[in-house]
Amino acid sequence: MPAIDVKDLRKEFRVQKNREGLTGAFKDLFKREYTEVAAVKDISFTIPEGEICGYIGENGAGKSTTIKMLTGILVPTSGQLKVNGYVPYQEREKFVREIGVVFGQRSQLWWDIGVIESFQLLRKVYRVPEDQYRKRLNELVERLQLGDLLTRPVRKLSLGQRMRCELVASLLHNPSILFLDEPTIGLDIVVKTEIRDFLKMLNREHGTTILLTTHDLQDIEALCSRVIMLDDGRIIYDGGLEELKEKWSKGREIRFQFTSRPKLEELVPLTRDFPDVQWTSEDELTASMWLPHHINVSDALSRVVGAKEIRDIKIIETNTDEIVREIYKSGSAEARKHGQASGENGGSPAGQKETVPNA
Amino acid sequence: MFFHAMLFWEYLKNYAKTRLTYRADFWIEVLSDLAFQAMNLIVILIAFQHTPTLGGWTESEVVFVYGFFMVPFGIFSCFFNLWNFSDRYIVKGEMDRILTRPAYNLVQIMLENMDPPSLFGSLVGLVIMAITSAQMGMTYGFLDILVLILLVAGAVLIYFGIYTALTAIAFYSDSPTGILPLMYNIQNYGRYPVNIYNKVMRFILTWLIPFAFVGVYPAAFFLERSQTDDIRMAFLTPVVGLVFAAIGLAVWNFGVKRYRGAGS
């Protein structure tokens, strides 16, 4: 049985149209007009048990709406939905005992009382037996190094400390699925790394299925074997992160630092027999060569090395941020045909610089 | 049921822990609640300076009704402190958190906002009932106590039903409505004898917004006023309570299905 099974899931919201001006407002008073806005448009996916899946997309792409449907908060407009064998919104109270939810921007802890008091209350709400609770709490506290924070009131914790406590709060009842909505938002790099390591450990040792939304692609790179990318309520990519990179990054950039000022007119002819290679001049002594994947680095390099004196060489892989930005911009994850308009395509960082195609 | 009763205890403990840090706050709240009730009582006392009876009711009787009125109202106020529901749970989206926890959502919200100082009002109400009973030479048997509990429970359910339904409007409409304060004012009519109002008003207070059942009808049972059919009405209190509570819950549950969350 898959942990999450979604088929043709759709959520529409009725939004009131506000007419312009005072007369418009007056008309609205008596007769309102509504428009149906679909936030999630017939999406389908399956997540097997024990997977860590990243759910990404621009603001307003429908990520949170999906998470809210999966956790039983919202009732879908249409489509089928099964999480842990339950239909979330129908058997909500039974269903939520087996899931953990963390909303990065909202706290589930009591503001004025010690963290441990919140945990105690959650233990009762989730009906966790005392001995199991102790064992679990000790393990989590040790892993996340919360020891001396437990008696402090939440309002006196830093964001990083609070977020670690939120994680513990959502895991006290040992859920088999954990939903995280932007768990690392606003955190410093140390806490981010700590939380990522913790989630990896959780997945490895307890087999917890994790679905997280994030805007930080490093979260995805560190954690997820799989990415689902959403745009305007539709899934535009569903698969491994590596494949996404391979499919979208079409090459790499090799940055040369020369001993004397390079001239593009001299550099371009060097790689004349590789028509896809592009040269860009960076500054006084540096120039970059953009190389598609089908050309070996050694081949291209040997042409330059023989002809010019080089002080330094750097090979730059396209990073995920750039790839994803490109995909968001184009609104589709289906990689465009090779060799077409390469300057604007994902992977080439040369887009906004002076580019001389080698043709 | 047992589970939710246990949760009540747990939330109460947390409430106490929070409040113990702000002790002065607690007593100020109790005092201001009681001062508010005292003002109402003084209005009644002043009215009786000018007339010996009000619609055939003596001063002691009317004050007794007021005392009874305070008992269910205090209990209701303790558990139903949801006046900022729309703002906190709908606009700020805290309903999300409530819905991901394995306990009935309305119970969770009620317990989170619990206001135990209101119970002092109930206590004072009981004292007022005792004093006026003594003035009128009324005696209570064991059965009377049982009936009192039953009638108070019925009255609490009426409040609960009406205000649950009205609070649930927040699920249907984005903008906060002025209907809650309006209702809060109407409920005060229930603590005076209904026969002083005209027919339309009486009908409304009995069957549509049955606030007569939270004060005057059930209290009349103890006053043994044989000249009216108030006693029969007194025993309708639990029935009306159940009907309105059921309506309130239905509106609420339907509203939760329409909840649309907030923000991103």
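Cys53(A) has Leu211(A) of β7(A) as its bridge partner. Strands in this report are DSSP runs of E of at least two residues, helices are runs of H or I of at least four residues, and both are numbered from the N terminus. The model is predicted, and local features need pLDDT of at least 70, side-chain atom pairs count only at pLDDT 80 or more, and totals for chains, interfaces and linings use all residues. Residues are numbered from 1 along each chain as its sequence is written, while chains are lettered from A and ligands numbered from 1 in the order in which they are written.

### The six-stranded sheet of chain A

The strands β3 (residues 52-57) and β7 (residues 209-213) of chain A run parallel and are joined by four bridges. Two strands are taken to pair if DSSP finds at least two bridges between them. Both strands belong to an open, mixed sheet of six strands with the order β5-β6-β7-β3-β8-β9 in chain A. At its edges stand β5 and β9 of chain A, each of which pairs on one side only. On average, neighbouring strands of this sheet are turned by 15° against each other, direction ignored. Helix α6 (residues 159-171) of chain A packs on the sheet, where α6 touches β5 and β6 (177-181) of chain A. The direction of α6 makes about 160° with that of β5(A); such angles run from 0 to 180 degrees between N-to-C directions, with axes fitted as lines to C-alpha atoms, for helices over the stretch in contact.

At the β9 end of the order, β8(A) and β9(A) run antiparallel and are joined by five bridges. Met229(A) stands opposite Tyr237(A) in β9(A). The two strands form a hairpin with two residues between them, and Asp232(A) in the turn has a positive phi of about 50°.

### The three-stranded sheet of chain A

A further open sheet is antiparallel, with three strands in the order β2-β1-β4 of chain A. Its edges are β2 (33-47) and β4 (78-83) of chain A; each has a single partner strand, so one side of each is left without a neighbour in the sheet. Strand β1 (residues 4-17) of chain A pairs with β4(A) in the antiparallel sense over five bridges, and Arg10(A) stands opposite Ser78(A) in β4(A). Helix α2(A) packs on this sheet, touching β1, β2 and β4 of chain A, and its direction makes about 120° with that of β1(A).

| Strand pair | Sense | Bridges |
|---|---|---|
| β3(A) and β7(A) | parallel | four |
| β8(A) and β9(A) | antiparallel | five |
| β1(A) and β4(A) | antiparallel | five |

### Domains and chain contacts

Chain A is divided into domain 1 (4-239) and domain 2 (249-357), with bounds from an automatic or database domain assignment. The centres of the two domains, taken over C-alpha atoms, are separated by 40 Å. Their contact takes seven residues from domain 1 of chain A and eight residues from domain 2 of chain A; residues are in contact if their C-beta atoms, placed from the backbone, lie within 7 Å. On the domain 1 side, α8 (217-223), β8 (226-231) and β9 (234-239) of chain A each supply at least two residues.

Between the chains, 25 residues of chain A are in contact with 20 residues of chain B. The helix α4(A) gives the most to the chain A side, with four residues. By class, that side has 12 nonpolar, five polar and eight charged residues. Ala, Val, Leu, Ile, Met, Phe, Trp, Tyr, Cys and Pro count as nonpolar, Asp, Glu, Lys and Arg as charged, and the others, Gly among them, as polar.

### Nonpolar cores and an exposed loop residue

A nonpolar core is a set of buried Ala, Val, Leu, Ile, Met, Phe, Trp, Tyr and Cys residues joined through C-beta atoms within 7 Å. Buried denotes 20 or more other C-beta atoms within 10 Å of a residue's own, exposed 12 or fewer, and partly exposed a count in between, with C-beta atoms placed from the backbone. The largest core has 134 residues, of which Val168(A), Phe179(A), Ile158(B) and Tyr159(B) touch the most other members. Its largest share, 13 residues, comes from helix α3 (residues 59-79) of chain B. Domain 1 (4-239) and domain 2 (249-357) of chain A both give residues to this core, so the core lies between them. Not counting residues up to four places away in sequence, Tyr159(B) touches Pro72(B), Phe76(B), Phe80(B) and Val214(B). A second, separate core of 10 residues includes Val277(A), Met289(A), Trp290(A) and Val304(A).

Glu284(A) lies in the loop between β11 (278-281) and β12 (286-292) of chain A. Glu284(A) counts as exposed because it has 10 C-beta neighbours inside 10 Å. Its C-alpha atom is separated by 9.1 Å from that of Gln257(A), 27 residues apart along the chain.

Methods:
Contact = placed C-beta atoms within 7 Å.
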